Amino acid sequence: MRFGICMDIAKAEGLDRLGFDYFEGKLNAIAKLDEDDFNSVLSTLGGCRTKVEACSLLFPKDMVLIGDGAVSDDALCAYLHLAFSRMERLGADVAVFGSGKSRFVPQGMSYRTAFSILVDRTRIIGRIAEEHGITVAIEPLNRNETNLINSITEGAILQECVGMDSVSLLADMFHMCGECEDMKRIGLVSPLSHVHVALASSRAFPTHRTEELVEFFKNLKAAGYCGRMSIEGKSGDVVSDSLESLKVLSELDKEEL
């Protein structure tokens, strides 16, 4: 596997020598930059060994896809073209669709209605992503963050309903543990296009082996996954925790589990 870290791309220069294979940027922040600031960051990244290959946080928290106050199709398309064109310029090719507040089922709306709307809007996302050579990875989130698409099974159903090659699925260990999902489901919904990892108990960097981490790797390997794995977690010391985490993840990657 290849290991990366979710981070603010403006801080890339300071994290370039930690040994990560790639960076995962925050797309809502990248899209918010004015052109001069984006070009400045792009120039800095050009001198870095580690490149941005993926982006998380597809939408700003105030960009709602479902219900009252939902963003119009025109405004949604304009945002996506800007965001995905910047991903292209960065060289990134996977956009993670977490954004739990954006896809929340509003009070008084049925799940069926909300899911149907989400399918339609995800098709728009997938169409524009395809135009820019990008794959969108649906990220199931635990119930503390959203009330729609909480399991990888539910994410796989959304992916199937959308029915586009540019729309895929992600497994996040922290969220799977938060929903008490059986890790064996990874094999049932594969292939995956991307993976996130953080300790189940604290969402901290995976600086030590845990039962859940071993089980996560075991089932990813059984499903034939050998792609990217991004650390998306909390740290009090990014440098030290990154080095420890990379050691742990690399050892698990090499082991026969």
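**Entry 1: terms and model.** A helix here is a DSSP run of H or I with at least four residues, a strand is a run of E with at least two, and both are numbered from the N terminus. I am working from a predicted model.

**Entry 2: helix α4 by itself.** I began with α4, which covers residues 73-90. I counted 18 residues in α4, with 25 Å from the first C-alpha to the last. That is close to the 26 Å expected at 1.5 Å a residue. Just past the end of α4 I found Gly-91, whose phi is positive, about 90°.

Next I asked which residues of α4 are buried. I noted Leu-76, Cys-77, Tyr-79, Leu-80, Ala-83, Phe-84, Arg-86, Met-87 and Leu-90. An α-helix has 3.6 residues a turn, so residues three or four places apart point the same way. I then looked up what the buried residues of α4 pack against. The helices on that list are α2 (27-32), α3 and α5 (111-131). The strands are β3 (52-56), β4 (94-97) and β5 (135-138).

**Entry 3: α4 against α3.** Two packed helices are described by the angle between their axes and the distance between the axes. For α3 (residues 35-46) and α4 I noted axes that come within 11 Å and cross at roughly 25°. Angles under 35 degrees count as roughly parallel, and α3 and α4 are therefore roughly parallel to each other. Their crossing is right-handed. From α3, the contact uses Glu-35, Phe-38, Asn-39, Leu-42 and Leu-45. From α4, Arg-86, Arg-89 and Leu-90 take part. Sorted by class, this contact of α3 with α4 has four nonpolar, one polar and three charged residues.

**Entry 4: α4 against α5.** I repeated the look-up for α5. The axes of α4 and α5 come within 10 Å and cross at roughly 35°. This crossing, too, is right-handed. On the α4 side I listed Asp-73, Leu-76, Cys-77, Leu-80, His-81 and Phe-84. On the α5 side I listed Arg-121, Ile-124, Ile-125, Arg-127, Ile-128, Ala-129 and Glu-131. The class count for α4 with α5 is eight nonpolar, one polar and four charged residues.

Entry 5: Which residues other than glycine have a positive phi? I noted Leu-57, with phi near 55°, and Ile-149, with phi near 65°. Leu-57 sits in the loop between β3 and α4. Ile-149 sits in the loop between β5 and α6 (152-162).

Pro-191 belongs to the loop between α8 (185-189) and β7 (194-197).

**Entry 6: Ser-166.** Last, I looked up Ser-166, in the loop between α6 and β6 (167-172). Ser-166 has a relative accessible area of 5%, and buried means under 20%, so Ser-166 is buried. What does Ser-166 touch, not counting residues up to four places away in sequence? I listed Gly-126, Arg-127, Glu-130, Ile-134, Thr-135 and Val-136. Arg-127 is 39 residues from Ser-166 along the chain, and the two C-alpha atoms are separated by 7.5 Å.

Terms used: Residues numbered from 1 in each chain as written. Predicted model: local features only at pLDDT ≥ 70, side-chain atom pairs only at ≥ 80, totals over all residues. Heavy atoms only, no water. Axes fitted to C-alpha atoms, helices over the stretch in contact; angles between N-to-C directions. Parallel < 35°, antiparallel > 145°, perpendicular 65-115°, else oblique. Left-handed = near helix turned anticlockwise from the far one by under 90°. Contact = heavy atoms within 4.5 Å. Nonpolar A, V, L, I, M, F, W, Y, C, P; charged D, E, K, R; others polar. Expected span 1.5 Å × (residues − 1). Buried < 20%, exposed > 50% of the residue type's maximum accessible area, 1.4 Å probe, protein only.
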